[in-house]
Amino acid sequence: MTRDELKSQMDELMRQYADEEIDGATYAQKMMELTTSARDESDEE
């Protein structure tokens, strides 16, 4: 995942949270999954 892909996915999560499509717990969990998967990918390079 590129930095731009990660940023766009984070922006989408923030939008969903702001529009109350997801709750705070879901937002936090998905954000954690995104950052963890991005970090894991960068460790493999």
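**Exercise 1. Describe how helix α1 packs against helix α2**.

Step 1. Take the geometry. Helix α1 (residues 3-18) and helix α2 (residues 24-44) pack at an angle of about 175 degrees, and their axes are 10 Å apart. Axes are lines fitted to C-alpha atoms, for helices over the stretch in contact, and angles run from 0 to 180 degrees between N-to-C directions. Helices (H or I, at least four residues) and strands (E, at least two) are DSSP runs, numbered from the N terminus.

Step 2. Classify the angle. α1 is therefore roughly antiparallel to α2. The cut-offs are under 35 degrees for roughly parallel, over 145 for roughly antiparallel and 65 to 115 for roughly perpendicular, with the rest oblique.

Step 3. List the contact residues. From α1 come Leu-6, Gln-9, Met-10, Leu-13, Met-14 and Tyr-17. From α2 come Gly-24, Tyr-27, Lys-30, Met-31, Leu-34, Thr-35 and Ala-38. Contact means heavy atoms within 4.5 Å.

Step 4. Sort them by class. The contact of α1 with α2 has nine nonpolar, three polar and one charged residues. Here Ala, Val, Leu, Ile, Met, Phe, Trp, Tyr, Cys and Pro count as nonpolar, Asp, Glu, Lys and Arg as charged, and the others, Gly among them, as polar.

A note on the model: it is predicted, so local features need pLDDT of at least 70, side-chain atom pairs count only at pLDDT 80 or more, and totals for chains, interfaces and linings use all residues. Residues are numbered from 1 along each chain as its sequence is written, and side-chain values use heavy atoms, with hydrogens and water left out.

**Exercise 2. Which residues make up the largest nonpolar core****?**

Step 1. Name the members. The core has six residues: Leu-6, Leu-13, Ile-22, Met-31, Leu-34 and Ala-38. A nonpolar core is a set of buried Ala, Val, Leu, Ile, Met, Phe, Trp, Tyr and Cys residues joined through side-chain atoms within 4.5 Å.

Step 2. Assign them to elements. α1 and α2 are the elements that give two or more residues to this core. α2 gives the most, with three residues.

Step 3. Look at Leu-34. This residue sits in helix α2. Leu-34 counts as buried because its relative accessibility is 9%. Neighbours within four places in sequence aside, Leu-34 is in contact with Met-1, Leu-6, Gln-9, Met-10 and Leu-13. The C-alpha atoms of Leu-34 and Arg-3 are separated by 11 Å, although the two residues are 31 residues apart along the chain.

Step 4. Look at Met-31. With neighbours within four places in sequence left aside, Met-31 is in contact with Met-10, Leu-13 and Met-14.

**Exercise 3. Trace the salt bridges of Arg-15**.

Step 1. Start from the total. The structure holds four salt bridges. A salt bridge is a side-chain nitrogen of Lys or Arg within 4 Å of a carboxyl oxygen of Asp or Glu.

Step 2. Pair Arg-15 with Glu-12. Their closest N and O atoms are 2.7 Å apart. Both residues lie in helix α1, three residues apart, about one turn of the helix. Arg-15 is partly exposed at 34%, and Glu-12 is partly exposed at 33%.

Step 3. Asp-19 meets Arg-15 in a salt bridge (2.8 Å, N to O). Asp-19 is partly exposed, with a relative accessible area of 47%. Glu-21 bridges to Arg-15, with the closest N and O atoms 2.9 Å apart.

Step 4. Join the pairs. Shared partners link Glu-12, Arg-15, Asp-19 and Glu-21 into one network of salt bridges.

**Exercise 4. Is Gln-16 buried or exposed****, and what does Gln-16 touch****?**

Step 1. Gln-16 lies in helix α1.

Step 2. Read the accessibility. Gln-16 is at 19%, so this residue counts as buried.

Step 3. Find the contacts. Gln-16 touches Glu-21 and Ile-22, not counting residues up to four places away in sequence.

**Exercise 5. Characterise Glu-20**.

Step 1. Glu-20 is in the loop between α1 and α2.

Step 2. Read the backbone. Its phi is near 60 degrees, a positive value in a residue other than glycine.

Step 3. Read the accessibility. Glu-20 is exposed, with a relative accessible area of 70%.

Note on methods. Buried < 20%, exposed > 50% of the residue type's maximum accessible area, 1.4 Å probe, protein only.
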